[in-house]
Amino acid sequence: MRIKRALLVLIATLSLAVSSVAEEPRIRCASTTSTQNSGLFGHILPLFEKKTGIAVDIIAVGTGAAIEIGKRGDADVVFVHAKEQELQAVREGYFTDRHDVMYNDFVLIGPAADPAAIKGVKSVTDAFRKIAATSALFVSRGDKSGTHTKELSIWEKAGMSPKGQAWYLEAGQGMEKTQRIADEKRAYTLTDRGTWLATKEKDRLEMAVVREGDPLLMNQYGVMAVNPERQKHANYARAMKFINWLISREGQEAIASFTDGQGNRLFTPNAR
């Protein structure tokens, strides 16, 4: 009888635990790989969850894929970095309540030897032209992410279309893997500074920043809720709690306090 009672108690305890997990309030956030790879979510989400009791499940993909996930209603909130695409999706009625959250910048990285002699050029468009002129290897993410979108816009401003060139390789991978491929091939690539600072030591990359600081390289991040009028099952109320926390003083301070191992801030908060 004692064994039977113990088993019943154990079953009841497990049932309560499963019920508690099932009832835990959650939202799904589709976001770019840079917010995940940099470690930002690991830093800020525990603070949000402690404040609100809402758990956030991250779907880390390229920005283009994250927006599509939101359009399909497979997420409640989207946190990405391609402002023009975000605003267009809001105009089309897929999302609502979009806000700027933070920014960092993109950097052009390449072999320390700099075979295309990019260091010292006047602009990032000039740097891209020199890569093409010297047929130096360039690895593109090629995944319709925010970084890929930015890279293509720079090629366009440089008056060039590199697709199909022997020196232009499309990885179809996230940022960290693309950096590794570029490092292995002694190639150039465009990356966001957050991922670069967070992974260069861990991945033992031998590359270096060869171009930075150009106004074209600003990297703005924004957040927006899936429109509940378009997707009835979207959890708009919890999504707005997350958005409002991100743009609040507390959320902005949490973002500002996130640094790499050397004390470098990876993202600068700029919500209004």
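**Close-up 1. Lys 202 pairs with Glu 176 in this predicted model.**
Lys 202 counts as exposed, at 53% relative accessibility. Its partner in a salt bridge is Glu 176, with the closest N and O atoms 2.4 Å apart. Glu 176 is buried, with a relative accessible area of 11%. Lys 202 belongs to the loop between helix 9 (193–199) and strand 8 (207–211). Glu 176 belongs to helix 8 (residues 175–185).

**Close-up 2. Arg 180 and Asp 203 form a salt bridge.**
Here the closest N and O atoms are 3.5 Å apart. Arg 180 sits in helix 8, while Asp 203 sits in the loop between helix 9 and strand 8. The pair links distant parts of the chain, 23 residues apart. How accessible is Arg 180? Arg 180 is partly exposed, with a relative accessible area of 32%. Asp 203 is buried, and its relative accessible area is 17%.

**Close-up 3. Asp 76 meets Arg 28 through a salt bridge.**
The N to O distance between the two side chains is 3.6 Å. Arg 28 lies in strand 1 (residues 26–32). Asp 76 lies in the loop between helix 4 and strand 3 (77–80). The two parts are 48 residues apart in sequence, so this pair ties them together. Arg 28 counts as partly exposed, at 28% relative accessibility. Asp 76 is buried, at 4%.

**Close-up 4. The surroundings of Asp 76 include several residues from elsewhere in the sequence.**
The view stays on Asp 76, in the loop between helix 4 and strand 3. Which backbone atom does the side chain of Asp 76 reach? That atom is the backbone nitrogen of Arg 28, at 2.8 Å. Arg 28 is also the salt-bridge partner of Asp 76. Neighbours within four places in sequence are left aside in the contact list for Asp 76. That list holds Ile 27, Arg 28, Ala 225, Val 226, Ala 234, Asn 235 and Ala 239. Asp 76 counts as buried because its relative accessibility, 4%, is under 20%.

Side chains of opposite charge can pair when their charged atoms come close.

**Close-up 5. Asp 97 has a positive phi.**
Most residues other than glycine have a negative phi. Asp 97 has a phi near 60°, a positive value in a residue other than glycine. Where is Asp 97 placed? Asp 97 is in strand 4 (residues 95–111). At 26% relative accessibility, Asp 97 counts as partly exposed.

**Close-up 6. Lys 144 has a positive phi in a loop.**
Lys 144 is not a glycine, yet its phi is positive, about 60°. The loop that holds Lys 144 runs between strand 5 (138–140) and helix 7 (146–157). Is Lys 144 buried or exposed? Lys 144 counts as exposed, at 64% relative accessibility.

**Close-up 7. Domain 1 meets domain 2.**
The protein is divided into domain 1 (24–104 + 220–269) and domain 2 (105–217). Their centres, taken over C-alpha atoms, are separated by 26 Å. At the interface, 15 residues of domain 1 are in contact with 19 residues of domain 2. The area buried between the domains is about 1200 Å². Carbon and sulfur atoms give 53% of that area. On the domain 1 side, Asn 37, His 81 and Asn 104 lose the most area to domain 2. Together these three residues account for 38% of what that side buries.

**Close-up 8. Polar contacts join domain 1 and domain 2.**
How many salt bridges does the rule find across this interface? The count is 0. Polar contacts between the domains number 3 residue pairs, both residues at pLDDT 80 or more. Helix 2 (33–37) and helix 4 (63–72) are the elements that give two or more residues to the domain 1 side. The largest share, 3 residues, comes from helix 2. By class, the side of domain 1 that touches domain 2 has 3 nonpolar, 11 polar and 1 charged residues.

Methods
Residues numbered from 1 in each chain as written. Predicted model: local features only at pLDDT ≥ 70, side-chain atom pairs only at ≥ 80, totals over all residues. Heavy atoms only, no water. Domains from an automatic or database assignment. Contact = heavy atoms within 4.5 Å. Buried area = accessible area lost by both parts, 1.4 Å probe. Salt bridge = Lys/Arg side-chain N within 4 Å of Asp/Glu carboxyl O. Polar contact = N/O pair within 3.5 Å; in protein donor to acceptor, adjacent residues only side chain to side chain. Helix = DSSP H or I, 4+ residues; strand = E, 2+ residues; numbered from the N terminus. Nonpolar A, V, L, I, M, F, W, Y, C, P; charged D, E, K, R; others polar. Buried < 20%, exposed > 50% of the residue type's maximum accessible area, 1.4 Å probe, protein only.
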